[in-house]
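Here are some exercises to work through with the model open on your screen. Try each task yourself before you read the solution.

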Amino acid sequence: PPLTLEVLPLVDSTNSRLMAAADRLPVGAVCIAEQQSAGRGRRGRTWVSPFARNLYFSVLWRFDGGAAELEGLSLAVGVCIADALESLGLSGVTLKWPNDVLADNKKLAGILLEMSGDPAGACHLVVGVGINVEMSQASAAEIDQPWVDVASLAQRQGLAQISRNELCACVLTKLAALLSQYSAQGFAHWRERWMARAAFLGEPVKLLTATQETHGTFIGVDNSGALRLASATGEQLIYGGEVSLRSS
Ligand code: BTN
């Protein structure tokens, strides 16, 4: 299906807007906003979203096979974003499991997938993407994690400014292709490309949930996108959700 774009000066959250209207909107509906008053990140965080600086957008899609069909999809979305940035000339973009886009080990872009409907059957999926393009000084103070933006990376790499419109179009084109093919391809098709960009691969890491901390060596991801953690007691598979990876 073609993408249908809506560009708004201000919205609470592009994800919330598509989630609220998921039953009425066509597959391929895209909401792009210049500013979000309640931008959301993973694990209950706020996504700092100042006016006309960065990219905030979401894409609506439908899947018939429920959550099982979507395994690993958020990792593949990361590959699309990294590929788009690279095709516009930027280098050094890496992916941190499960779905952060980094450069210099600092956050460059975030991905938030949300589902509604039948988790075992027909469901709506909203893929939300936030890319720090040219963060304002004023907003920077509100960000509670190490971050970087496209403009400063481009400058350091001796590139001309990267256009926000071009970057948006490039990511959306890649996402549309990913979403239309994912139920047939699955994550196996994307695994190698994800691994080629993996941050902390082969390194000691810790995985944090609200209640526990697991240590080991990050040795890759399997064909479902689960993280393979090696430790003295053997290999463990860690599934996404509310887990966060740190170097240790
Ligand atoms: C994260 O890394 O925590 C995910 C951040 C996702 C932010 C984007 S911005 C567009 C879309 N709308 C939201 O409210 N969140 C996502």
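**Exercise 1. Find how far apart the C-alpha centres of domain 1 and domain 2 lie, and describe the side of domain 1 that touches domain 2.**

Step 1. Take the bounds from the domain assignment, which runs domain 1 over 4–195 and domain 2 over 204–247; such bounds come from an automatic or database domain assignment. Between their C-alpha centres there are 23 Å.

Step 2. Look for contacts, meaning pairs of residues whose C-beta atoms, placed from the backbone, lie within 7 Å. Nine residues of domain 2 are in contact with 13 residues of domain 1.

Step 3. Ask which elements supply the touching side of domain 1: α2 (73–87) and α6 (188–195) each bring at least two residues. The most comes from α6, with four residues. Helices (H or I, at least four residues) and strands (E, at least two) are DSSP runs, numbered from the N terminus.

Step 4. Sort that side of domain 1 by residue class: seven nonpolar, two polar and four charged. Here Ala, Val, Leu, Ile, Met, Phe, Trp, Tyr, Cys and Pro count as nonpolar, Asp, Glu, Lys and Arg as charged, and the others, Gly among them, as polar.

Before going on, a word on the source: this is a predicted model, in which local features need pLDDT of at least 70, side-chain atom pairs count only at pLDDT 80 or more, and totals for chains, interfaces and linings use all residues. Residues are numbered from 1 along each chain as its sequence is written.

**Exercise 2. Which residues of α6 are buried, and what covers them?**

Step 1. Apply the burial cut-offs: a residue is buried if 20 or more other C-beta atoms lie within 10 Å of its own, exposed if 12 or fewer, and partly exposed in between, with C-beta atoms placed from the backbone. In α6 the buried residues are Trp190, Arg191 and Trp194.

Step 2. Look down the axis of α6: its buried residues fall within an arc of 125°, so they line one face of the helix. The arc is that of the directions from the helix axis to the C-beta atoms.

Step 3. Identify the cover, which includes α2, β4 (93–96) and β9 (213–221).

**Exercise 3. Is histidine 215 buried or exposed?**

Step 1. Locate histidine 215 in strand β9.

Step 2. Count its C-beta neighbours: with 12 inside 10 Å, histidine 215 is exposed.

Step 3. List its contacts, leaving aside neighbours within four places in sequence: Lys206, Ser231 and Ser248.

Terms used. Two residues are in contact if their C-beta atoms, placed from the backbone, lie within 7 Å.
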